[in-house]
Amino acid sequence: MGESSKRKQPKTWEIVISGTWPKQFVEKLRERNNRETAPYEDIFNSFASLYSTLEQYRGKIKKLDYENLRRQEDIKSIINDPGKKLTENDKNFLSLQQENIQLIRQHENTQREMLRMAMKVKDVGSKETQIINLDGKCFRLEQENGVLRDEFTTLQLMCRKLEEDNKNLLMENQHMLEKILLHKKEEADVVNMHNDTMKKLKEHQMFYELESARKEDNNSPEQSVSSRCRLYSGPAIIPSQVTNKVEQHSSELYSLAFSYQGTMFATGGADKCVKLWRSSNLPNVDSISTLTGCNAGVMSIDIDERDQYVVAGSNDSAVRMWQVAGGQIRSTFMGHDNKIYCVKFYSHSQKIVSGSHDRTLRLWDVRTNKNVRTIFARSSCHDLAVLSEQGTDIVSGHFDKRLRFWDERQDTSSFEMLLDGRITSLDLSGCGKYLACSCKDASTIKFIDLKLRQAIATFTADGLRMGEHTRCSFSPDGQYIACGSTDGNIFVWNTRTLKREEVPKMHSSAVPVVKWHPMGQAFISLEKSKKFYVWSDLS
């Protein structure tokens, strides 16, 4: 054979492979082989040692088997000859036989251990195959990862560019929004300026109309006075302090009424009684009497123009009239089917009109104690105002948000106004030309010109919350309107300037009623928690 054939042939795993990545692959396989062989080196050594020990035991077993056969023949000869005694060799044979049994057992244990080691070696082989497959997969995944890394770098560059574009667009959008807001602000300023101008024009116009009406009233030899017009001295003032607190009722208060001259007033509430008070020496008040006979809470009170009778509407569906002198019930008017919210004297106190939750108005003759007329109002009536002594003009405020004008001689209303909430009270100004109307849902007070039959102003304020029984009132000269709130505040507005006047908060619970004294120098406010406060700057 030639020289080339004499060369040492390279092993299979030592074949030189050209190229860069195959070399790397071979190097990784070698590293993996070294890494994976070391943990099993002890196993292979143990296997070799056990195998060597096994071979030794096999040789001993062969010798012992030969010796055992020989000894068995001797034993058979002894058994056949019972008289023969055991020699020293026989005893050694028996001992060796026991050792043989132990060696057999050890041999069996060794075989089992070899089987276990063979299984481990087989598992190692399968694991090596799996590792080789996983290395191949890892190599492929590394290549794919390189491609993905390149794509990721490209996407990052694209994302940075898009972020820069987005930032530029946001800055441009912000600039445009600032321009839009500036433009809207300019438009709002123009609209506000226009609204302020229109408001001032309306205020000047209304002030001029009020002044003209006041001059006409002062120049007229016979003033047009409504049934609720009272005498007062000078302009009204807004008292700034509470000078007296009275708690005589045993339950909530709902109603308050002054006499025409202001010498007394009456209060009523859920305790089913009416209390009369002397008010000629404000801020001091003295109890006159307590009028009883109602079977439910008193919702409305009125005093006749001669201060002789007091009338009250109750939740027991009855209207009762007492004599001031003596405190006896003069008459009881029955006919309503539900609780009564409001009562008023009219026609020089010869008649009474009442409004009820049963959606009717009833007219009563004081002299005959009879119901002379029933008007079906189509909604629960919460308050009344009489515009003329003859009763030909009655105004009623209703649950359905409507203000209705009636002639007692007609069965249908002559005029209706839809307001912005359930009506809780009505009050007629001293001159009889204006009407204040409180609306619960919107917590507003409508200032209505009765000649025009339309609202010429709306009064409201932050924090004003009206209850079911909230009642507003004019000052005697009509310059102010007062109203209580469920949070204990009292709100007062000037009807000439249409601005709110400040009144300190003194109540700790809801204020359903505020009423001015007919002289205009004080007013009384009812608190839901059984008390009433006298407000006056008089000492």
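In this predicted model, Arg116 and Glu113 are joined by a salt bridge between their side chains, with N and O 2.0 Å apart. Both residues belong to helix H4 (residues 88-219), where three residues, or about one turn of the helix, separate them. The structure holds 21 salt bridges.

**Salt bridges**
- Arg116 is partly exposed, at 37% relative accessibility, and Glu113 is likewise partly exposed, at 28%.
- Asp400 pairs with Arg404 in a salt bridge whose closest N and O atoms are 2.8 Å apart.
- Arg404 counts as buried because its relative accessibility is 2%, under the 20% limit, whereas Asp400, at 26%, is partly exposed.
- Arg409 and Asp407 form a salt bridge of 2.7 Å, N to O; Arg409 is exposed at 55%, while Asp407 is buried at 15%.
- One network, built from salt bridges with shared partners, connects Arg378, Asp400, Arg402, Arg404 and Glu416.

**An open sheet**
- Four strands, in the order S1-S28-S27-S26, make up an open sheet with antiparallel pairing.
- Strands S1 (242-247) and S26 (513-516) each have a single partner strand, so one side of each lacks a neighbour in the sheet.
- From one strand to the next, the twist averages 20°.
- Strands S27 (residues 522-526) and S28 (residues 531-536) are linked by five bridges, and Phe523 stands opposite Trp535 in S28.

**Overall composition**
- The protein has four helices and 28 strands.
- Of its 539 residues, 41% count as buried.

Methods:
Residues are numbered from 1 along each chain as its sequence is written. This is a predicted model: local features need pLDDT of at least 70, side-chain atom pairs count only at pLDDT 80 or more; totals for chains, interfaces and linings use all residues. Side-chain values use heavy atoms; hydrogens and water are left out. Two strands pair if DSSP finds at least two bridges between them. Helices (H or I, at least four residues) and strands (E, at least two) are DSSP runs, numbered from the N terminus. Axes are lines fitted to C-alpha atoms, for helices over the stretch in contact, and angles run from 0 to 180 degrees between N-to-C directions. Buried means under 20% relative accessible area, exposed over 50%, partly exposed in between (1.4 Å probe, protein chains only). A salt bridge is a side-chain nitrogen of Lys or Arg within 4 Å of a carboxyl oxygen of Asp or Glu.
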